[in-house]
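Me: I am new to this structure. Please walk me through it in short questions and answers.

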Protein chains: 2
Amino acid sequence: MIPSMKNLFPFLFVLASCTTPEKLTRYPLSPSEVLKKATSKDWRTPNEKNLIYFYVNKEPVVIELSPAFAPKHFENIKKIVKSKYWDGLYVMRSQDNYVIQWGDPDEKKKGFLKKHKSNIAQTLPGEFEVALSSLEKVSPLKDKDVYSSQVGFVNGFPVGYSSKENKAWLAHCYGMVGVSRDEDPNSGNGSSLYVVTGHSPRHLDRNITLVGRVLHGIENLSTIQRGKGALGFFKDKKKYVPIRKVRMASQVSKKQKLNLKVLRTDTSLFQEYIEARKSRKESWFHRPAGHISLCNVNIPVQNSKH
Amino acid sequence: MIPSMKNLFPFLFVLASCTTPEKLTRYPLSPSEVLKKATSKDWRTPNEKNLIYFYVNKEPVVIELSPAFAPKHFENIKKIVKSKYWDGLYVMRSQDNYVIQWGDPDEKKKGFLKKHKSNIAQTLPGEFEVALSSLEKVSPLKDKDVYSSQVGFVNGFPVGYSSKENKAWLAHCYGMVGVSRDEDPNSGNGSSLYVVTGHSPRHLDRNITLVGRVLHGIENLSTIQRGKGALGFFKDKKKYVPIRKVRMASQVSKKQKLNLKVLRTDTSLFQEYIEARKSRKESWFHRPAGHISLCNVNIPVQNSKH
């Protein structure tokens, strides 16, 4: 909604009758009303082993990794975090309407493995897709999609899939986290990651390894000043944004840990939430869309610790 | 592309052979190679009468208005700019993955018309759609769309349309500019505008008046710190981002004026550009998407004055 200031607050209470220019379906509940119906069973607490706390300032960016879609990168990234490799390195790229990216801008000079003796893999095979049959339940999105014959959700992540090919892959929606790589599809290892901070670049699906999704604090990344070099890399090293520290959730003190819950995507309540977003009840909506694209579903995350 | 730092520069020269896992189409030229073929006839210089220079800092944000899609708002917004109404007002909202919005946060108190004696309309009928037959050529995008039965481009703007209904409307892609309104579809007047700074909220199409598109400098808006109030409004007035000034291009000195050119969308070269973006030639792309969504087309803008 884009209210002018005049009527910001009444929106919360609006249950007025709807004037529709033609017969348009409206779901009987608004998205927020659906969420109010949610019980504790409709929310899941992400597995702490999959959570990264990434700090460019005092506010954490919390990332949920998906071992199901990128098991090798998942293991390697955990090792990278635990080695504290990223501490003191940089966000070195911020491309408007696309991605931010971090890692070691002088990788070539310093050498990753020279600095970190390691069981950390220097390169890994790209994990662009997995067998659909290897996954837990896929909850399909009924709407069509421009990029994939089938789309839906697996455990809170947006996915494309093909029953025919028995393949599934994470989809490049806003906030998704992926592994930078070079020309060779098998040249990434997770030491440089990117986060989608613009309109979903779905053309990257199945071209690069996605490993997770930002659950909290993405504004600390999406507002980083844009780089003026090619592809949004910072030309001026002074513009690099230092990474204060990166930790696995298990390494974060109880005091600093957030209590995040993610709406489960395999429930009937989530299906209701989608319907409510497709066919908005609120009378501000003159003409509910009746459709929704994968990346517009916006899977809700709750932080009960403020 | 998401290169690691190691191989950033070779991308510009890569013409390597492609290893495709199955038969995938690749357009013979890359998008940048298509753009290199463009002649002066493929670019248009936007009509100066339609351009707004908006300053929150020294760098202008340049907006192209579309009189064809919102004639009444177009006229009113020009009057608002010329009255200098916005000078000293604020960006008062920045909602992550959605919009920024500016205007008078204290509109209710101060009263718009009390301050500005005016031929400026206080409210205007919503201009959510126009007759398709009233438009110049529509260049269709062949790919399907989740929100609209037909999509394409009119004079550099992304549009949805319906030949059956004889209707067309601007589409909420990244960088599009619209008119904030209240509950009543006819309650906006252009004195408060918003800019899409996140994943395209296409569900707003035909629900609110779009008036134009940011051609240049959107990073000055998209990096504004997010508001912590409801819908991303700033709770703390100290966070408001002051608007230095807003001018029509005709009011901007020759020295400060940019020389912007927008790729024409009604040419065969533009169709080639779309094909090149759909079916990427560059060998970095392991699996070219073969499809493209309306808001991923990214209509190129050139600034020949630096």
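Predicted model: local features only at pLDDT ≥ 70, side-chain atom pairs only at ≥ 80, totals over all residues.

Me: How many helices and strands does chain A have?
Reply: Start with burial: of the 306 residues of chain A, 61% count as buried. Then look at contacts between residues at least 6 apart in sequence: 73% of them join residues at least 24 apart. The secondary structure of chain A comes to six helices and 17 strands.

Me: How are the two copies related?
Reply: Chain A can be laid on chain B with an RMSD of 0.0 Å. That takes a turn of 180° and a shift of 0.0 Å along the axis. The two copies are therefore related as by a two-fold rotation axis.

Me: Is the link of Cys173(A) and Cys295(A) left-handed or right-handed?
Reply: Both Cys173(A) and Cys295(A) are buried. The angle about their S-S bond is -75°. The link is left-handed.

Me: How many residues apart in sequence are the parts that Cys173(B) and Cys295(B) tie together?
Reply: The link of Cys173(B) and Cys295(B) is left-handed, with -75° about the S-S bond. Cys173(B) lies in the loop between strands E10 and E11 of chain B, and Cys295(B) in the loop between H6 and strand E17 of chain B. So the parts they tie together are apart in sequence by 122 residues.

Me: Is Cys173(B) buried or exposed?
Reply: Buried means under 20% relative accessible area. Cys173(B) has 5% relative accessibility. Cys173(B) therefore counts as buried.

Me: Which elements do the buried residues of H6(B) pack against?
Reply: Helix H6 of chain B spans residues 268–278, and eight of its eleven residues are buried. Among them are Leu269(B), Phe270(B), Tyr273(B) and Ile274(B). The buried residues of H6(B) pack against helix H1, strand E8 and strand E16 of chain B.

Me: Which side chain of opposite charge is nearest to Glu127(B)?
Reply: Glu127(B) sits in the loop between helix H4 and strand E6 of chain B. Glu127(B) is buried yet has no salt bridge. A salt bridge needs a nitrogen within 4 Å of a carboxyl oxygen. At 4.7 Å, the nearest side chain of opposite charge is Lys72(B).

Me: Which residues is Asn186(B) in contact with, leaving aside neighbours within four places in sequence?
Reply: Asn186(B) lies in the loop between E11 and strand E12 of chain B. At 38% relative accessibility, Asn186(B) counts as partly exposed. With those neighbours left aside, Asn186(B) is in contact with Thr123(B), Leu124(B), Pro125(B) and Gly126(B).

Terms used
Residues numbered from 1 in each chain as written. Chains lettered and ligands numbered in written order. Heavy atoms only, no water. Buried < 20%, exposed > 50% of the residue type's maximum accessible area, 1.4 Å probe, protein only. Helix = DSSP H or I, 4+ residues; strand = E, 2+ residues; numbered from the N terminus. Contact = heavy atoms within 4.5 Å. Least-squares fit on C-alpha atoms with pLDDT ≥ 70 in both. Disulfide = S-S within 2.5 Å. Lys, Arg positive; Asp, Glu negative; His and termini not counted.
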